[in-house]
Amino acid sequence: MTLKHTLLKTKPFVLSIKLIASVLLLMTACISNDKKEYENSADIPVNREMLAELTSPPNVPTPVGKRKAKKLIVKMEILEKEGEMTDGVKYIYWTFGGTVPGSFIRTRVGDEVEFHLQNHPNNKLPHNIDLHAVTGPGGGAESSFVAPGHEKVFSFKTLNPGLYVYHCATAPVGMHIANGMYGLILVEPEGGLPLVDKEYYIMQGDFYTKGANGERGLQPFDMQKAVDEKADYVVFNGKVGALTGDNAITAKVGETVRLFVGNGGPGLVSSFHVIGEIFDRVHVEGGDLINENVQTTLIPAGGTAMIEFKVDVPGTFILVDHSIFRAFNKGALGMLKVEGEKDKKIYSGEIRDDIYLPEGPGIQSMPTTGEIIASEIPAKSFEEQMEFGKQAYMQTCFACHQAEGQGVPNAFPPLAKSDYLNADVDRAIGVVLHGKTGEITVNGQKYNSVMTRQMLSSDEIANVLTYVYNSWGNSKKVVTKAMVEKVKNSK
Amino acid sequence: MIQPLLFAQSKGMVSIKGSRYIPLYGRDSTVVEVKNFEIDIYPVTNADFVSFVKKYPKWQKSKVIKLFADKSYLTNWKNDLQLKDSEKPDSPVTYISWFAAKDYCECQGKRLPTIDEWEYVAMADETTKDARVKASYNKQILAWYEAPRSNENKIGEHPKNVWGVHDLHGLVWEWTLDFNSVLITGESRKDGDKDSNLFCGSAAVNATDLMNYAAFMRYAIRGSLKAKYSMKNLGFRCVKDSDLK
């Protein structure tokens with residue numbers, strides 16, 4: 001058994017604690033030492049009152065451990081307030097406890113949770129709470145509908161261990177969730193979860209704004225985008241960068257880490273992954289089923305996962321939704337910074353940087369900067385333009401537009417006999433120069449894809465377009481470097 | 001500035017020509033008929049309410065019967081007759097219970113508007129009587145929901161709608177006579193259930209326009225209220241039946 005396993009499979013550890021505890025209990029004779037097993041969680045008696053510790057993400061409250069079931073009082077305040085989605089982009093968040101996700105609630109099986117839902121008087125809207133840990137109508141929503149300036153109280157017994165989502169369920173439900181009204185409630189099993197060194201609270205959510213991703217100013221919620229599930233932002237803990245840089249979560253080499261991960265949605269499921277780390281154990285969907293040695297775990301909207309692993313080497317480990325454009329383009333990216341000694345046996349780091357030339361030095365290299373190196377040998381004739389243009393086409397355009405310019409149906413428009421291409425040469429030059437996003441119609445067919453800006457010199461663009469215009473039944477136009485320069489300088 | 005206007009405009013009301021229309025939640029989600037009525041051009045202001053409590057001391061904050069107003073009632077007043085220094089006389093009066101609002105209107109020979117009357121006038125924008133299909137209409141209302149402390153603004157600063165009525169959107173929520181007759185219950189996802197036929201309407205399933213989420217929120221706020229509640233963002237205005245038939 002490796003060290004990693006002894007740390008996570010803590011049975012021996014728990015046993016020793018039990019032993020000490022029972023010895024202590026024997027010494028204090030008047031405390032009942034009956035270790036009674038309850039078949040039904042509903043029968044677990046509660047013992048005294050206790051005010052629940054609530055924490056803001058990414059923090060979690062102290063583990064429940066061996067404490068007995070209690071009447072646990074949770075006081076949660078709803079606040080509608082402005083926050084920053086990303087630099088310069090403001091958003092009015094609706095929150096449980098002032099944060100997105102809302103405050104973390106930690107309970108154990110058999111607790112009787114007395115929930116106080118407080119709607120701040122400055123708020124404009126009524127709200128409620130549906131806790132998936134509740135067995136009862138609406139998960140509590142029915143009893144907690146609360147107007148601004150009021151407090152509703154209801155109580156429930158935690159019957160099932162697990163990690164559960166809570167959220168607002170007031171009409172329009174989707175909008176309340178989309179504005180950040182969700183969080184996690186943990187119900188620990190009898191005796192608590194195995195102890196680990198670090199625990200963190202992470203929750204994914206998708207946001208829909210009137211403006212596109214990155215558009216500055218106060219961005220209102222966009223219902224149509226939400227209905228279409230076209231998120232502008234997909235983020236961990238309510239905003240871009242909530243878990244990066246100085247906000248990164250941390251651990252030391254050799255420590256065990258448990259992530260309580262939730263997905264508030266409202267729309268998207270999460271393919272949660274930590275780049276460079278394998279999850280030793282995952283409580284699938286936050287329940288009892290344990291999966292081991294997992295790379296990516298699926299977290300449904302309105303679902304969770306408890307993820308445990310030991311960190312073996314130092315470095316920055318990137319947390320992502322492996323639906324990967326969300327990570328790198330919409331914000332679903334966090335960091336776990338691990339400090340400590342390197343272990344070359346596990347990971348060497350870079351050892352050498354050698355030159356690799358499979359086909360000799362003649363191979364064209366990709367420009368590494370925005371600077372475009374002008375072709376050193378300009379074409380001297382139409383024939384040369386066609387020859388050089390074909391080369392450029394095969395290197396740059398072929399993959400999408402295909403060998404005969406036929407394109408790919410429903411994805412990439414054809415260049416052969418293309419009315420769009422032939423109608424406007426300056427526009428065609430512009431597309432190659434600047435790229436093109438959005439819907440266009442080519443030969444009566446609609447296309448909506450992205451052509452990135454091409455790293456080609458003016459000469460190369462002239463050549464490749466001349467080649468395209470003089471192939472596959474196109475208009476036989478000749479494009480010169482001067483024409484390209486004109487378009488380039490027109491803006 | 002406001003006062004002379006009020007006097008000039010026949011006691012501060014305009015006539016609304018009734019019609020049939022389909023509200024977000026209809027009784028049985030069908031057409032509703034609204035009769036002719038008159039409506040206050042502006043919401044009732046703090047100054048209006050100061051005059052009122054001078055005349056009717058039973059609505060002063062120290063004298064009000066607990067059954068008719070909760071602890072927040074006139075919480076932005078310094079004492080029985082004076083606003084706190086931070087409050088403006090020409091801001092809409094808020095922290096008002098339904099009982100107080102209803103009595104205020106009745107003492108003026110008026111009444112509170114029904115939900116249907118209120119929604120009927122409020123579906124207009126500056127140029128159209130039913131602007132609900134316009135993107136700009138919803139956008140303006142939603143912009144208000146995202147503006148903090150709008151109750152502290154003065155009345156009359158938003159353009160009047162096509163009927164000549166100001167501030168239906170943009171300042172405060174407003175009490176209606178039958179605010180709790182269309183119920184969005186605490187559990188708003190179940191409101192399509194026929195179990196709730198105890199009430200005249202229900203939520204999402206019966207709604208006629210699911211994209212009109214600004215209206216959803218109005219119905220939601222009404223559903224969360226009780227008649228003795230007093231809220232920071234909740235004021236009122238009055239209507240009366242029209243002589244015009």
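In the predicted model, W472(A) is buried, with a relative accessible area of 16%. This value counts as buried because the cut-off is under 20% relative accessible area. Y393(A) is likewise buried, its relative accessible area being 0%.

Y393(A) belongs to helix α7 of chain A, residues 382-401, while W472(A) lies in the loop between α10 (458-469) and α11 (481-489), so the pair ties together parts of the chain that are 79 residues apart in sequence.

In the UniProt record, an unreviewed entry, residues 384-472 of chain A carry the annotation "domain: Cytochrome c". In the model this span is 51% helix and 16% strand, and its end C-alpha atoms are 18 Å apart.

Charged side chains were also found over aromatic rings in chain A. R427(A) lies over the face of Y420(A), at 3.6 Å from the ring centre. For K477(A), the charged end sits over the ring of Y469(A), at a distance of 5.8 Å from its centre.

In chain B, one aromatic cluster is made up of F49(B), F52(B), Y56(B), W77(B), Y104(B) and F236(B).

Technical notes. Residues numbered from 1 in each chain as written. Chains lettered and ligands numbered in written order. Predicted model: local features only at pLDDT ≥ 70, side-chain atom pairs only at ≥ 80, totals over all residues. Heavy atoms only, no water. Helix = DSSP H or I, 4+ residues; strand = E, 2+ residues; numbered from the N terminus. Buried < 20%, exposed > 50% of the residue type's maximum accessible area, 1.4 Å probe, protein only. Phe/Tyr/Trp six-rings, centres within 6.5 Å; stacked < 30°, edge-to-face > 60°. Lys NZ or Arg CZ within 6 Å of the ring centre and 35° of its normal. UniProt positions renumbered as here; feature names shortened; annotations may be inferred.
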